[in-house]
Amino acid sequence: MTNQIELTAVNKYYGAYHALKDIELSIRKGSFTALVGPSGCGKSTLLRSLAGLEKISTGTLKIAGEVMNRTPPRKRDVAMVFQSYALYPHMTVEENLTYSLRIRGTPKAQAKKAAEEVAATTGLSHLLGRYPRELSGGQRQRVAMSRAIIRNPKAFLFDEPLSNLDAALRVHMRKEIRALHDRLGATSVYVTHDQIEAMTMADHVVVMRAGVIEQQGRPLDLYDRPVNRFVAGFIGSPAMNFIPATGGEDGRSVVLDLGERQSVGLDYPVPPGRKLIAGLRPEHIAIAPQGAGMLKAPVAVVESTGSATYVTTATTPELAIVVNGRAELSAGEVLGLDFAPGHLHLFDAVTEQRL
Ligand SMILES: Nc1ncnc2c1ncn2[C@@H]1O[C@H](COP(=O)(O)OP(=O)(O)OP(=O)(O)O)[C@@H](O)[C@H]1O
Ligand SMILES: [Mg+2]
């Protein structure tokens, strides 16, 4: 059995509010799964349903092959790690770590040994005697994780565990959590609203919107082939450009409406006259040499960070372009723009689904 967690046709209602809609999700043993989506889309509800903190309304939830629909949290053998750490302030790090073992009647010496082993894995050995208030944010987060690890659960469930930390520490802790996951051979489900965090940490990304799973798959598959405009706009930074478009009369081109209509030849068929939305990522647009290029666009704004140059065009809609390194450009200058036809994403204008 390779699926550690399996959800089939799961729905969750809070009264009349439909918070999870027909969720189908298989989480493989040893995988790192990220749940992403805008605020209120149901990420925490889904995670809390796995933990047993919420009861699902319909459907089946299995953990390690066993139906757990009505199983109380204590008996599910999963460990939740929160952003607020939820450490006991009056207990030392060691006491925080051993608490769950002691309430189950584990002998004191055995609990102490377990705490020392986990602390060695998470780099907390020298902090076992401290109180939570004597720790940094990153150290507290490590204690919260250690407390989950010591129980040797069937799965780790993380709900935005890094959102209290500053940007630099967050990037560091991402790597630490992922390395720990690999070392333990754990199964992890990680909620975040940060798509970069999801893309860099997870091997399976689940994109949610309004209680629905819009798409799930490997991170780069979502980036390369988003199934609809929502996923296309959600995954990738800076965000994809969207341009109103129409299928060309010859069946092998699109007419892009950038204020002025510009026709672009493609190496694949497109239904003539079909109303479309064309998507083009900022990093897939290249500035062509003088007088060349598939599209023409005047420059509105140029911003340089040293490592990259961000260009905004004076078209409607405006286009964002990212160029590696430096580029000598000035406002008003008319650019020729190129892109590989394979990098143009076409969505139906009405359904917003990928063609
Ligand atoms: N106990 C509850 N009773 C009623 N509605 C709830 C309850 N908990 C959550 N909701 C609603 O369900 C929806 C999903 O909430 P949830 O907390 O799962 O979102 P989320 O994706 O985790 O959002 P965020 O990124 O802001 O944490 C929201 O519209 C929320 O208002
Ligand atoms: Mg949440």
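Predicted model: local features only at pLDDT ≥ 70, side-chain atom pairs only at ≥ 80, totals over all residues.
Visitor: Where does Ala-64 lie?
Guide: Ala-64 is in the loop between strand E4 (58-63) and strand E5 (66-67). Although Ala-64 is not a glycine, it has a positive phi of about 50 degrees.

Visitor: And what about phi at Ala-210?
Guide: Ala-210 is not a glycine either, and its phi is positive, about 45 degrees. You'll find Ala-210 in the loop between strand E9 (204-209) and strand E10 (212-217). With 45% relative accessibility, Ala-210 counts as partly exposed.

Visitor: Switching to helices: at what angle do H4 and H5 pack?
Guide: Helix H4 (residues 137-149) and helix H5 (residues 167-184) pack at about 20 degrees, and their axes are 11 Å apart. That angle makes H4 roughly parallel to H5.

Visitor: Which residues make the contact?
Guide: On H4, they include Met-145 and Ile-149; on H5, Met-173 and Leu-180 are among them. By class, the contact has 7 nonpolar, 3 polar and 2 charged residues.

Visitor: Now the core. Which residues have the most contacts inside the largest nonpolar core?
Guide: Those are Ile-177, Val-207 and Ile-235, in a core of 45 residues. Another core, of 26 residues, lies apart from it, with Leu-47 and Met-68 among its members.

Visitor: Last one: which residues does the cis peptide bond with omega about -5 degrees join, around Pro-238?
Guide: That cis bond joins Ser-237 and Pro-238, and Pro-238 is in the loop between helix H8 (229-234) and strand E11 (241-247). The peptide bond from Thr-316 to Pro-317 is cis too, with omega near -5 degrees.

Key
Residues numbered from 1 in each chain as written. Chains lettered and ligands numbered in written order. Heavy atoms only, no water. Core = buried A, V, L, I, M, F, W, Y, C linked by side-chain atoms within 4.5 Å. Buried < 20%, exposed > 50% of the residue type's maximum accessible area, 1.4 Å probe, protein only. Axes fitted to C-alpha atoms, helices over the stretch in contact; angles between N-to-C directions. Helix = DSSP H or I, 4+ residues; strand = E, 2+ residues; numbered from the N terminus. Parallel < 35°, antiparallel > 145°, perpendicular 65-115°, else oblique. Contact = heavy atoms within 4.5 Å. Nonpolar A, V, L, I, M, F, W, Y, C, P; charged D, E, K, R; others polar.
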